[in-house]
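Hi,

Here is the structure I promised to pass on to you. Have a look at it first, and then read my notes with the picture open beside you.

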Amino acid sequence: MAQTPTARCTPAHLAAQATRLAAAMDAVTDTEAAQRGLTRADFEVLAALRGAGAERGYRLRPGELAERCHLSSGGTSNIIRRMAESGYVVREADLHDGRGSWAQLTEEGRRVVDAVRRAADAVYDQLLRPLPSGAVDALSGLISLVAAALEQAPAAGSSAAGPGSTAGAAGAAGAAGVPARARRIVRAPRPAPKR
């Protein structure tokens, strides 16, 4: 049901709406990934490797993957193993570090990531089509501006936070029980629960 906009958007309300938007978009991607036998964490690991780009050979070290996808090292290793068994990832030894290794996305892995993204984009397009022309692009630009402003703010609770501080805004959002994840809405891949 549509909600009537309030006269003034509070920081907590802004964070809650950002979280709501992220959750709705995540649900679409999760559904498309699940239809291909992937969990959210599986897809995010594959997407992170895809995001490494051709110049890096679509590969990252397991520690980099764990950091980018907000996973434990053990959880990351389990996902890499499963994805290797599915033919989406190959694990290579690091020639410069005998103890290290690389996870590299295969051609089949790139195909499945791209297929999930295309399918999710098609669903987004269908769901967002009733909105006024230019609304989505305008919203994306505004979210980027807000996120950039908040990311420059001091940590919440610091002594520098004053009445008009965005750090105070972040604290207000946290006090309202809104996950900090809402501040990362314009980033990709989406954070996944620790495993």
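Below is what was found, going from the overall layout to single residues.

Please keep in mind that this is a predicted model, in which local features need pLDDT of at least 70 and side-chain atom pairs count only at pLDDT 80 or more, while totals for chains, interfaces and linings use all residues. Residues are numbered from 1 along each chain as its sequence is written, and side-chain values use heavy atoms, with hydrogens and water left out.

**The layout**

The protein has seven helices and three strands. Both are DSSP runs numbered from the N terminus: helices are H or I with at least four residues, and strands are E with at least two. Along the sequence, their order is α-α-β-α-α-β-β-α-α-α. Of the 195 residues in the protein, 33% are buried. Here "buried" means under 20% relative accessible area, "exposed" means over 50%, and "partly exposed" is in between, with a 1.4 Å probe and protein chains only.

**A helix to look at: α6**

Helix α6 covers residues 135–151, and its 17 residues should span 24 Å at 1.5 Å a residue. The expected span is 1.5 Å times one less than the number of residues. The end C-alpha atoms of α6 are 24 Å apart, which agrees.

Which residues of α6 are buried? They are Ile143, Ala147 and Leu150. Looking down the axis of α6, you will find these buried residues within an arc of 60°, so they line one face of the helix. That arc is taken from the directions from the helix axis to the C-beta atoms. Asp137, Leu142 and Leu145 are exposed on the other side of α6.

**Two residues with positive phi**

Some background: most residues other than glycine have a negative phi. Tyrosine 58 has a positive phi, near 50°. Tyrosine 58 sits in the loop between α2 (40–52) and β1 (59–60), and with 17% relative accessibility it counts as buried.

Histidine 70 also has a positive phi, near 55°. Its place is the loop between α3 (62–69) and α4 (73–85). At a relative accessible area of 33%, histidine 70 is partly exposed.

**Salt bridges**

How many salt bridges does the structure hold? There are 10 of them, where a salt bridge is a side-chain nitrogen of Lys or Arg within 4 Å of a carboxyl oxygen of Asp or Glu. Here are some to find on your screen:

- Arginine 82 and aspartate 42 meet through their side chains at 2.4 Å, N to O. This pair links distant parts of the chain, with arginine 82 in helix α4 and aspartate 42 in helix α2, 40 residues apart. Arginine 82 is partly exposed at 30%, whereas aspartate 42 is buried at 2%.
- Arginine 59 and glutamate 92 form a salt bridge at 3.3 Å, N to O. Arginine 59 is in strand β1 and glutamate 92 in strand β2 (residues 89–94), so the pair ties together parts that are 33 residues apart in sequence. Arginine 59 is partly exposed at 27%, and glutamate 92 is partly exposed at 29%.
- Glutamate 108 and arginine 111 form a salt bridge at 2.6 Å, N to O. Both lie in helix α5, three residues apart, about one turn of the helix.
- Asp26, Asp30 and Arg40 are linked in a network of salt bridges.

**Cysteines**

A disulfide is a covalent bond between the sulfur atoms of two cysteines. The structure holds zero disulfides, counted as pairs of cysteine sulfur atoms within 2.5 Å. Cysteine 9 is partly exposed at 40% relative accessibility, while cysteine 69 is buried at 0%.

**A nonpolar patch**

Leu127, Leu128, Leu131 and Val136 make a nonpolar surface patch of about 340 Å². Patches are made of residues with over 30% relative accessible area and no salt bridge; like charges are joined within 9 Å, and nonpolar side chains (Val, Leu, Ile, Met, Phe, Trp, Tyr) within 5 Å. Accessible areas come from the Shrake-Rupley method with a 1.4 Å probe, and for residues, only the protein chains shown count as cover. Leucine 128 belongs to helix α5 (residues 107–128) and is partly exposed at 36%.

Enjoy exploring!

Best wishes
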